[in-house]
Amino acid sequence: MRTEEVIERFKRTGALLEGHFILSSGLHSAIYLQCALLLQHPGETIAFGEALAAHYRGQGIETVAAPAIGAIVIGYEVARQLGARFIWTERETGQMTLRRGFTVRSGEKVLVVEDVVTTGGSTRETVEALRSAGALVVGAASIIDRSSGRADVGVPRIALATLDVPSVAPSACEACARGEEAIKPGSRK
Ligand SMILES: [Zn+2]
């Protein structure tokens with residue numbers, strides 16, 4: 001799937017928002033990609049899952065893991081298409097961890113799937129949680145990379161679309177300087 005098609009699908013489903021946003025990294029941006037609005041359509045989830053899974057067929061991926069909540073839907077679909085198991089990580093007192101009885105075998109080949117990578121923080125924390133549980137993390141895949149390819153998550157990484165969308169510290173944000181209120185769409189009701 002080409003970058004243009006990825007963006008077109010986000011626009012068509014209303015998942016590409018324009019305004020003044022606080023990203024989960026704390027940075028501010030004029031663009032927000034609300035993957036949940038894309039992935040509410042199972043047909044879109046299947047198409048993106050196919051495009052991501054295509055990069056990993058035949059590589060013996062045993063398990064796909066995704067950080068909760070945003071990446072669970074796409075992670076599950078990639079796992080289904082690879083014939084793999086699916087688990088997720090979540091935060092417990094700030095620490096990304098496996099809960100709910102999820103375990104990995106020593107040396108188990110795991111692929112981490114994300115919806116959007118911005119700084120790579122939650123992806124990297126997921127990779128580390130799996131490694132400390134004994135897994136062999138073979139890669140990380142996301143629908144969108146907002147970091148222009150810069151985010152280092154500690155394993156080889158691919159994305160369906162790599163974007164260079166400016167995101168800035170609040171102190172350097174022009175919209176903030178104009179007194180415009182920033183919103184945090186991730187937790188918006
Ligand atoms: Zn701002």
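Reader: Let's start with Phe 48: buried or exposed?
Author: In this predicted model, Phe 48 counts as buried, at 0% relative accessibility.

Reader: And what about Phe 10, what's its relative accessible area?
Author: Phe 10 has a relative accessible area of 0% and is buried.

Reader: Nice. How many aromatic pairs are there in the whole structure?
Author: A search of the whole structure turns up five aromatic pairs.

Reader: Which parts does the pair tie together?
Author: Phe 10 is in helix α1 (residues 3-12) and Phe 48 is in helix α3 (residues 42-53), so the pair links parts 38 residues apart in sequence.

Reader: OK, switching to the strands. What do Phe 21 and Tyr 32 form?
Author: Phe 21 and Tyr 32 form a tilted aromatic pair, 5.8 Å centre to centre with 50 degrees between the planes. Phe 21 belongs to strand β1 (residues 16-22) and Tyr 32 to strand β2 (residues 28-33), so this pair ties together parts that are 11 residues apart in sequence.

Reader: Is Tyr 32 buried or exposed?
Author: Tyr 32 counts as buried, at 14% relative accessibility.

Reader: Last one: which residues do ring pairs link into a cluster?
Author: That cluster brings together Tyr 76, Phe 86, Trp 88 and Phe 102.

Methods: Residues are numbered from 1 along each chain as its sequence is written. This is a predicted model: local features need pLDDT of at least 70, side-chain atom pairs count only at pLDDT 80 or more; totals for chains, interfaces and linings use all residues. Side-chain values use heavy atoms; hydrogens and water are left out. Rings of Phe, Tyr and Trp (its six-membered ring) pair if their centres lie within 6.5 Å; planes under 30 degrees apart count as stacked, over 60 as edge-to-face and the rest as tilted. Helices (H or I, at least four residues) and strands (E, at least two) are DSSP runs, numbered from the N terminus. Buried means under 20% relative accessible area, exposed over 50%, partly exposed in between (1.4 Å probe, protein chains only).
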